[in-house]
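Colleague: I am new to this one, could you open it up and walk me through it?
Modeller: Gladly, here it is.

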Amino acid sequence: MRVLALLLAGVALAAGGAVWWLRSDSPPPSANIAVAEALGGETTAGYARATAPRTFVFPRDHGPHPAYRTEWWYYTGNVATPEGRHFGYQLTFFRIALTPEAVVRASRWGATHVYMAHFAVTDTRAGRFRPSQRFARGAAGLAGAQASPFRVWLEDWSVEGAGENGLPMRLRAADGGAAIDLTLDAGKPVVLQGDHGLSRKGAEDGNASYYYSFTRMPTRGTIEIDGRRFAVAGASWMDREWSTSGLGDNVGWDWFALQLGDGRDLMFYRLRRADGSADEWSGGTLVAADGSARPLGSRDVGIDVLDTWVSPAGTRYPARWRLRLDGARLQLDLTPRLSDQELGEPLRYWEGAVRVEGTDGAVPVTGDGYVELVGYATSSRAPRTGAPGPR
Amino acid sequence: MTSFLRPSILRRASLRSLTLHPWQVGLSVLGIALGVAVVLAVDLANTTARDAFALFADTIAGRATHVIVGGPSGVPEDVYRRLRVELGVRPSAPVVERDVSAPAYPGVAFHLLGVDPFAEPPFRSLGNPETPGGLRPLAILLTRPNSVLVARDTARRLRIAAGDDLVIRVGIAHRRLTVVGELTPADELSAQAFESLLLTDIATAQELLSMGGRLSRIDLIVAPGAAARETLARIGAVLPAGVDVVSARARADAVEQLTRAFRVNLSALSLLALVVGLFLVYNAMTFSVVQRRELFGVLRALGVGRREVFILVLGEALAIGIVATLLGVGLGIVLGHGLVRLVARTINDLYATITVSSLAVSPGALARAVALGIAGTVVAAIAPALEATVTSPRAVLARSVIERRARRAAPRLGLLGVVTVGAGWGILRMPGGGMPAAYAGLFAFLLGAALLTPVATILLVAGIRAVAGRALGMPARMAAGAVVQTLSRTSVALAALTIAVAATVGIGIMIQSFRETVVRWLEASLQADVYVSSPSLVSNRPDATLDPALAARLVSAPGVAHANRLRAVRVPSPGGAVQLVALDADARGYRGFRLKAGNANTLRDDLAAGAVVVSEPFAYRRHLDVGSRVRLRTDRGEHDFAVAAVYYDYGSSEGTVLMSRAVYDRLWDDREISSLGLYAAPGVDVEALVASLRARAGADADVLIRSNRALRTASLAVFDRTFAVTIVLRHLATIVAFLGVLSALTALVLERSREVAILRAQGFTPREVWRLVTGQTAVMGLVAGVLAIPVGIGLALVLVFVINQRSFGWTLELEVPARVLAQAVLLSVGAAVLAGLYPARRLSRLGLPEALRGE
């Protein structure tokens, strides 16, 4: 589950504006719009809500669901060269509706959706993290998504499905000296998260999303760093989610997506309340090597923070964890590949590749994964600053 | 030799001489002050207008290094998608823009700028959008059709609030916009640039301007270096025919170039006013030195060194200069406020949309004016100061010696004058000499003319005595004779007056020549009886289009025998955008062309064969002649056109390329019409036809239907508006000249009080004295006025045939209006008589002992 996008859905409206005004010479007047305010200011009225399980059909559901306010295509992965040089990558596309109403326009530029994309490469050996982001209207062919043939793109960043069912998927993006061209196969069957794909985020009816994942996609292709091209192979994780939800009382979340050496995949998210405690709607899924999934409740996973890291911008993030499952039979220690995998303005958060080492009973377990930390970027426990602050 | 007099005594002597002649000093101060004021005002107005222009251009062009431009119909929008999606070319930003007007705000020029906010940050600082409710300016702008943002100051000024509607006129259509919020500029500077901006989403701009599928341009930032060429080549490869990448610098430079000629011209005219002012200083200082010859003689005899005398006189000049300059700066700022509007309007009429709401008083312009005023005054006083030092104690007694010397020097000075004029002529004729050479030549000419004044005065006065003396009798002869007899004092004053009056004559003739040329050109070129056009905001940029259905309806109206159809557009070319006119007309439509080069008889055939004719300024700017080729970017790619003829045209200073509509239609996809020229059927009254056409067009139609005569009047009104600044400058020069006459003659006359007293002692009645004195001033006025005529005509020749030609490329026919010449003489004599009245009255009433006390 990528609750991040929930936040983004609200702030991107401001953030979208921010790309415009951020670089003007004075600090934006609405720099400190709180998330809650941003979300509250944006009505959910008029949009479809995720209230009941649905039947997923592919490749149709790879395509956009414009009746819902937000939607994302989220890819992360750990890959390595044959010599073992490790890279992590993130390529994410968000669709954000600006209005629930259909607007008839003569101009092809008329838009009711905005697309935002984040792209980052973690170059572990060089110790360098390269994030970038883009915005574009979902019009004039600049950005968009379609089911058949499957394609989601923002300018020259894209994911394209080759076959009938949208697989394999080819990911291409380049910015600031980093580039990826990766091909992802399904690997395991699709996992419908939550209740047959209906993932509830709170007690309120409709505070839920439709959510499915490919948790272990065999990946191969190239990563280019400053003109040097590396042939790489590894595994990716794809999350797809769409909804019209608010954030509730939570101030942020920690999200874990781990691929273990024994073939199991673990997804778990902890929603954090203002007092730092975990929200009861936290949860996850444990996917067996054969693809069968087992839902996890908020109490099924224990998380100990072993270390913290302070970003250059002064934000303190948790930096190492121990996850405990099945009555502590399965213990996993997570270590970031790089300390600094923080994405910058207008939305500051940490999303990075981690190394997994632990034990299942007496059996050693290793693995790779991605962790996302949102809501740490201000000192107070008050609602997060979602919109950009003055630099 | 060192002085035993304390410097304070010298200072007191100096102060006394200044306070003894408050009128003279006051008028000198006023003269310099006015000169400084004019220079400063023009400088400030120019700087403000230029900055506004540059700022606006910067705001609109942003930080682009290159621009993708197309023909009249713009750039296909898919080019942008290909750049971003297929090539990943960024930073790049699409723009859809046009100047529009709003019927509710007549005279306010708006610039509708449609952008993609997501592509903007690297290019433009568009400030912070604020909408009521605060949160989602972007969402509103993107999703609500016809929504615009206006700058906060503009909103206040026009009393528009968020939520209000604003009706704009686009071509013939009215479109209703909704102001959804305000832009808060980051600083004062961008606030100015935002003055006329209607900022909107690109989708809205396309819809409002009926530019579906097209963009006005695409801005690019291509980092310099080795990769730049490769990037540009990659971009070039995907561009369709007729669309090209050009350097943003070249584009901006072309515009800068256009307005520069205008601004340089104004600055030069303003300098003319200062030159006149400096002549006045020179005159005043020379005069005060001549007057105090005896004092200087005594001082020198008492052992005061030459250096001290020199410094004394220069110090006086410095004091006058400082006071006058300070006064001039204050006056200049006030004047600048008025001038800036005129300058901005002229630039608007001629070149582009700028909005200037306030005068920017730049420290640079102030410093220039102060330096010019003070340094100019001191420099003008150097010669008189030197003269004061050479005054030997004995020479003071032999005044007749000085006068004789002055008269003997006159021919030598005259010779020097002839040489200087000749040198000026040479400089003006220098091939390849630009504007600086033109002005150098002009000032050499004026200096030469000044040097010629004494000898000319002697000859002229001899003539006057021969002719008028006999008729008027003794006092008149005496009055005329006195002018020559006191040549040492009168020559400088006369030179100053002559130059001052000549300046007004020269500018007057130049304006009149220009106007007459335009009048004749309009008469010749406006051949049709009725003209139909779309109301265009900017008079010289008729890019608005006519509704095709309406055009057809008007052409087929009863009483219309024939119609010319004209399309005016701006098309890109390797040398910058070109104003192109496509003409669809029969033989009558070509009758209006007066050719500077080329064969009028084959004109139509040449055009039909694909050649073009170019206007004179265009040929001048691009160094073209018959047989040359012009390269234009058509919708089918770049194309060379042979130049069949060069025609006279005063409608556009940047110049025009004209081709036949058939050729245009083959090479461009644009099918619009800009204006119609309708010929009345035989026997049809034109005014009645205009009325019936207006009725046929309908009350709502936003179209201008004007008779030939009305259009001519309207065109001349625009002309007069563009020359308003020049006319103001001429009036200012006239005032300076008037002050010059007044100050010079007042001083002269008062200086002669002793002489008058002797005359009174010899039995002259007060009335006779009065007549003698005013007679003398009148003669001087007459001499200056008469001498100003040839000098003024010479000046006009330079202005018309060299300076205007070089700055605009226009050939003007010299028109010397008797009115201007008569005005000059009247001005000169009038001021002279006025100058004589008060002193003459004073002198004639002076008691004998009192007057003789000077002895």
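Colleague: How many residues does helix α23 of chain B have, and what does it reach from its first C-alpha to its last?
Modeller: Helix α23 of chain B, residues 708–722, has 15 residues and reaches 21 Å, close to the 21 Å expected at 1.5 Å a residue, where the expected span is 1.5 Å times one less than the number of residues. Helices here are DSSP runs of H or I with at least four residues, strands are runs of E with at least two, and both are numbered from the N terminus. Bear in mind that this is a predicted model, in which local features need pLDDT of at least 70 and side-chain atom pairs count only at pLDDT 80 or more, while totals for chains, interfaces and linings use all residues. Residues are numbered from 1 along each chain as its sequence is written, and chains are lettered from A and ligands numbered from 1 in the order in which they are written.

Colleague: Which residues of α23(B) are buried?
Modeller: They are B:Asn708, B:Leu711, B:Ser715, B:Phe719 and B:Thr722, with buried meaning 20 or more other C-beta atoms within 10 Å of the residue's own, exposed 12 or fewer, and partly exposed in between, the C-beta atoms being placed from the backbone.

Colleague: Why are they on the same side of α23(B)?
Modeller: Because they cover an arc of only 80 degrees around the axis, taking the directions from the helix axis to the C-beta atoms. The face turned away from that buried side carries the exposed residues B:Thr713 and B:Ala717.

Colleague: Changing topic, which residues have the most contacts inside the largest nonpolar core?
Modeller: Among its 180 residues, they are B:Val36, B:Val313, B:Ile499, B:Val505, B:Val612 and B:Val783; such a core is a set of buried Ala, Val, Leu, Ile, Met, Phe, Trp, Tyr and Cys residues joined through C-beta atoms within 7 Å. Helix α26 of chain B, residues 766–808, gives the most to this core, with 23 residues.

Colleague: And what does B:Val783 touch?
Modeller: Leaving out residues up to four places away in sequence, B:Val783 touches B:Thr457, B:Leu460, B:Val461, B:Val483 and B:Leu494, a contact being two C-beta atoms, placed from the backbone, within 7 Å.

Colleague: What is the mean pLDDT of chain B?
Modeller: It is 79, and 82% of the chain B residues reach 70 or more, pLDDT being the predictor's confidence in each residue, from 0 to 100. Over residues 1–5 of chain B the pLDDT is below 50, and it also stays under 50 over residues 537–542 of chain B. Where pLDDT is low, the predicted coordinates should not be read in detail.
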